[in-house]
2 protein chains.
Amino acid sequence: MDKPDTPTKSGDPRVFFELFNEVGIISQLSRALFEARLPDGLLVTHFSVVNHLARLGDGKTPLEIANAFQVPKTTMTHTLAGLEKAGFITTEPNADDKRSKRIKLTKAGHAFRDQAVQLLGPDLERLAQEIALEDAAAALPFLRSLRTYLDNNRAD
Amino acid sequence: MDKPDTPTKSGDPRVFFELFNEVGIISQLSRALFEARLPDGLLVTHFSVVNHLARLGDGKTPLEIANAFQVPKTTMTHTLAGLEKAGFITTEPNADDKRSKRIKLTKAGHAFRDQAVQLLGPDLERLAQEIALEDAAAALPFLRSLRTYLDNNRAD
DNA sequence: CTTGATTAGTTCGACTTCGTACTATATATA
DNA sequence: TATATATAGTACGAAGTCGAACTAATCAAG
């Protein structure tokens, strides 16, 4: 009896449709923006992995990195192969588990990350002039909770 | 001289880094969620195109549809080929321009769209129980403005 | 009307993504 | 210890995405 008298269901799905649609397009466009600033064959995924290792510390295993980015481990194998070919990482044996590896950032990897951040800077500063930083910061908790929900409810 | 006394730059880029990171993961996870509800070989892109034609009217050209989704026309050729093979669209000659086509939704295409919306309903209702609809609605204007900004500032 | 430049759409090739199957190592159980 | 199960990583193949080059049709300029 506490049902509202509108004919639409309580959770009007159209808001979510539009939400996911906007998110998808932003993902696509921001990816293109980032990649326009990166050296030739390097993608956002490459930068993201290097950035992750630079911020949280290297020595992680491929699987740990794959889990951090919610991608299959086969995808991470491919991404890491590209980073190794570029000279940005090296792989070392994992003393704790001989099946595994530890990924280390090289000097070139750190330099790549610093340079990319610097090249992206002007774009982000211009963005900050149009999109208030507070608005972006205010949206983050919502996006985090949405991501967490989706993450916890995969593949029922 | 109006610079704040913190060492970080005025537009701290880390907020945007995290913002785009969350958006990317949400895009990826929501895509997977949607596709788990769609018939075998059909992707979110297929649904999105059919939904677009159902909501805004069919008879659009492939290029118009490609522009609406910000994808290259070659990608749309591929997507439309899949939809035609599935029997959800037909192509008719464009009387105004013989190089072009007009894309029409078939009955099966409408049915596919209605059924997909219905199948997605329970997921979205469950989502609405965890993520307040008001929060989603509140985030939309910000996401729209971000998308618009990125859209207007592509490829300088 | 004819020539040159544009545009709509397709084909082709390179690349990313990711599921399946496999190998090697680790862990649990008898 | 022996065996079964689970896990880390790779190899391979199928499918999506997209840039470059191409064809056909349109438009602009003389």
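**A glutamine in a loop, and what surrounds it**

Modeller: Let's start with B:Q70, which counts as partly exposed because it has 15 C-beta neighbours inside 10 Å, between the 12 or fewer of an exposed residue and the 20 or more of a buried one. Keep in mind that this is a predicted model. B:Q70 sits in the loop that links helix 3 (62-69) to helix 4 of chain B. Its backbone is worth a look: phi of B:Q70 is near 60 degrees, a positive value, and the residue is not a glycine. Most residues other than glycine have a negative phi.

Now hop over to the other chain. A:Q70 also has a positive phi, about 60 degrees, without being a glycine. You'll find A:Q70 in the loop between helix 3 and helix 4 of chain A. A:Q70 is partly exposed too, this time with 16 other C-beta atoms within 10 Å.

How do the two chains relate? Chain A superposes on chain B by a rotation of 179 degrees with 0.1 Å of shift along the axis, at an RMSD of 0.3 Å. The two copies are thus related as by a two-fold rotation axis. If you want to find that axis from chain A, look for A:V23, whose C-alpha is the nearest to it in that chain, 2.9 Å away.

Next, the contact between the chains. Chain A puts in 47 residues and chain B 46 residues. On the chain A side, helix 1 (14-37), helix 5 (107-130) and helix 6 (133-152) each supply at least two residues. Helix 1 of chain A has the largest share of that side, at 17 residues. Sorted by class, the side of chain A that touches chain B has 28 nonpolar, eight polar and 11 charged residues. Of the interface residues of chain A, 98% are also interface residues in chain B, so the copies meet through the same surface.

Finally, back to the helices that flank our loops, and to the DNA. Helix 4 of chain B gives the most, five residues. There are 24 residues around DNA strand D, and A:T61, A:L63, A:T77, A:S100 and B:K98 come nearest. By class, the surface near DNA strand D has 12 polar, seven charged and five nonpolar residues.

Note on methods:
Residues are numbered from 1 along each chain as its sequence is written. Chains are lettered from A and ligands numbered from 1 in the order in which they are written. This is a predicted model: local features need pLDDT of at least 70, side-chain atom pairs count only at pLDDT 80 or more; totals for chains, interfaces and linings use all residues. Two residues are in contact if their C-beta atoms, placed from the backbone, lie within 7 Å. Helices (H or I, at least four residues) and strands (E, at least two) are DSSP runs, numbered from the N terminus. Ala, Val, Leu, Ile, Met, Phe, Trp, Tyr, Cys and Pro count as nonpolar, Asp, Glu, Lys and Arg as charged, and the others, Gly among them, as polar. Copies are superposed by least squares on the C-alpha atoms of residues with pLDDT of at least 70 in both. A residue is near a molecule or strand if its C-beta atom, placed from the backbone, lies within 6 Å of it.
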